[in-house]
Amino acid sequence: MLFNGDDDARIAKHLGSRKGQDPVITIGSDRPAALMRTALTFALGLFIVLLVWQLFAWAYNDVLDRAVLRFPAPLETFSMLWDFLFEGRTLLGYSIYDHIMASLGRWMVAFALATVVGLGMGAVLGYSTALFPIGIVPVSVFQMIPGLAWLPIALLLFGLGSNAAVFIIFAVSSVVITIGVAGGIRRVPPVVVRAARMMGADDLTLFRKVLLPYVTVDIINALRVGMGSAWRVLIAAEMVVGTGIGLGYAITMTKDLLNYVGSFACIVIICIIGLLLDKVLFAEIEKYARHRLGMEEGY
Amino acid sequence: MALVEVRGVTKAYYTSRRKDQARIVLDDISLKFEDNEFVCLIGPSGCGKTTLLNLLAGFERPTAGEVLYKGKKVTSPSPERGVVFQEYSLFPWMSVLDNVRFALGSKDLPEKEKDAIARKALTMVNLADSADQRPNLLSGGMKQRVAVARLLAMDPDLWLMDEPFSSLDEQTRKKLDSDILNIWRVKRRTIIFVTHSVDEALHLATRIILFSQSPGQVIREWSIPATMSRDPTTMEMITLRKEITDAMPACACADVRPIEIRM
């Protein structure tokens, strides 16, 4: 954005309240209005999604009118979602909460393992200029394997079931985290390392007190991207490895049972959880870290 | 024995990633730096002044020859040889005080004493009031003063300063130059100061070393007694200034074809 006319308009309204020659003008908090704007913008975006969905369902069901199966419209979907969430309606013998918890549980186990491995490997590869060219080769090879292509390996190692899904999620997200962390460490400006060395920092001090804080935001971003990959591949993995419970499993089973409205309700839940994790949890963590690290610009 | 001795140092870098060519940046340099000197290295940009400073600090090693500090070969950086960098080099997540305290990290002192030393160093550069602030709230001049305070706290025998104030405005630069001069007079350490400004060198140095353009060689040296007046309007200073300016090789950009301006 080149000009921010809104800012100028808002400040201009208060120019009259300037006290004498004081260069600072009191304007008052923008927070309630800003929150309102964010909410409205979000609502508008969401409205577009619902509108397109509704129009498509209407065209498919009522205009084409050749469908054996109905395309679930937003209202039916949210009505069923309501039943799942608040009326105690079960899905494949489990409550929707059981499915959510099963998926989240797998995601957390796999993501935690991926974080440990990714941070460790990323730190080693980022730190060692000698190991990086060698180590980045297998990492890049693994990165090129699409999530579900891990399926044969997962099945060979763990057979059908939950562990195979966890393995696939782990395989995908650990690679993403490794690359992000290694890249972050390699981008630390040489002057920062030189300054620390000149002040007598040994390897451990350099790593703990300088490199680690410097790349915290990169690490958080790597985890954020890894989290997103993990969440997406989790659902896909659950759809194919026969986990017996979980949102992905529920989607594929409801589809087979021709309960498309049920599938759609599960997809909505997946979107909401994904958005909450990314836009709320990780965005807040990143904001906090930037503040703690003194990496905010301006203000 | 000289404090620092540079013996036949040559430094060359690859010119491209293909590594089929190397360019010599410093060409067989031999220099000695004595205790309590204030040496300014001047010369056109790209003449290897910063490279020499990096070799003295131990950030890089010579392609040939050796650098001796107190008679021992320099192989890695050490808190005995403090550096003020051209770029800002503070840690943004630490307060100003913690940035200075970091310089005492390798010293075996009680925390309370480290705190006192760091605060004293900040007072010397007039930043005692900013001790608890983060560097991102400081102006460019203040950041470089914190970098100076780090060295004051470390108290190295050798100060290596790489165009430390060149990115600051003229007024601030002059003020900080005077501060450095005062610190040097009080502390009686050795300072090697890189600059491309003849005036800055004339204001500060007890010895000025002029480098040729790439590959860098020492063209000429001038000694200026510390007691001599640095008033730029005195006859002596004007003559010296002319002498240095005349000896200064044309800048590296001179051998590039002039830009054609078409109307």
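In which sense, parallel or antiparallel, do E4(B) and strand E5 of chain B pair, and over how many bridges? They pair in the antiparallel sense, over two bridges. Please keep in mind that this is a predicted model.

Strand E5 covers residues 72-73 of chain B, and Tyr69(B) has Lys72(B) in E5(B) as its bridge partner. Leu68(B), in turn, stands opposite Lys73(B) in E5(B). Two residues lie between the strands of the hairpin, and Lys70(B) takes a positive phi near 50 degrees there.

I turn now to the other neighbour of E4(B). Strand E4, residues 64-69 of chain B, is joined by five bridges to strand E1, residues 4-14 of chain B, and the two run antiparallel. Within this pairing, Val6(B) has Val67(B) of E4(B) as its bridge partner.

These strands belong to an open sheet of four, in the order E2-E1-E4-E5 of chain B, with antiparallel pairing. At the edges stand strand E2, residues 22-33, and E5 of chain B; each has a single partner strand, so one side of each is left without a neighbour in the sheet. As a general point, the side chains in a regular strand alternate between the two faces of the sheet.

What lies across this sheet? Helix H1, residues 49-57 of chain B, lies across E1, E2 and E4 of chain B, and it runs at about 120 degrees to E1(B).

Six strands form an open sheet with mixed pairing, in the order E6-E7-E8-E3-E9-E10 of chain B. Here E6 and strand E10, residues 218-223 of chain B, stand at the edges with a single partner strand each, so one side of each has no neighbour in the sheet. From one strand to the next, the twist averages 15 degrees.

At the E6 end, E6(B) pairs with strand E7, residues 158-162 of chain B, in the parallel sense over four bridges. Arg81(B) has Leu158(B) in E7(B) as its bridge partner. H4(B) lies across E6 and E7 of chain B, at about 175 degrees to E6(B). Helix H7, residues 235-247 of chain B, lies across strand E3 (38-42), strand E9 (207-211) and E10 of chain B, and its direction is about 170 degrees to E10(B).

Finally, I come to the interface with chain A. Contact involves 25 residues of chain B and 21 residues of chain A. The area buried between the two chains is about 1800 Å², and carbon and sulfur atoms give 70% of that area.

Which residues form the salt bridge with a closest N and O distance of 3.5 Å? They are Glu60(B) and Arg194(A). Across the interface the rule finds one salt bridge, and it finds two residue pairs in polar contact. On the side of chain B that touches chain A, the elements giving two or more residues are strand E6 (81-84) and helix H4 (140-154) of chain B. By class, this side of chain B has 14 nonpolar, six polar and five charged residues.

Notes. Residues numbered from 1 in each chain as written. Chains lettered and ligands numbered in written order. Predicted model: local features only at pLDDT ≥ 70, side-chain atom pairs only at ≥ 80, totals over all residues. Heavy atoms only, no water. Pairing = 2+ DSSP bridges. Contact = heavy atoms within 4.5 Å. Axes fitted to C-alpha atoms, helices over the stretch in contact; angles between N-to-C directions. Buried area = accessible area lost by both parts, 1.4 Å probe. Salt bridge = Lys/Arg side-chain N within 4 Å of Asp/Glu carboxyl O. Polar contact = N/O pair within 3.5 Å; in protein donor to acceptor, adjacent residues only side chain to side chain. Nonpolar A, V, L, I, M, F, W, Y, C, P; charged D, E, K, R; others polar.
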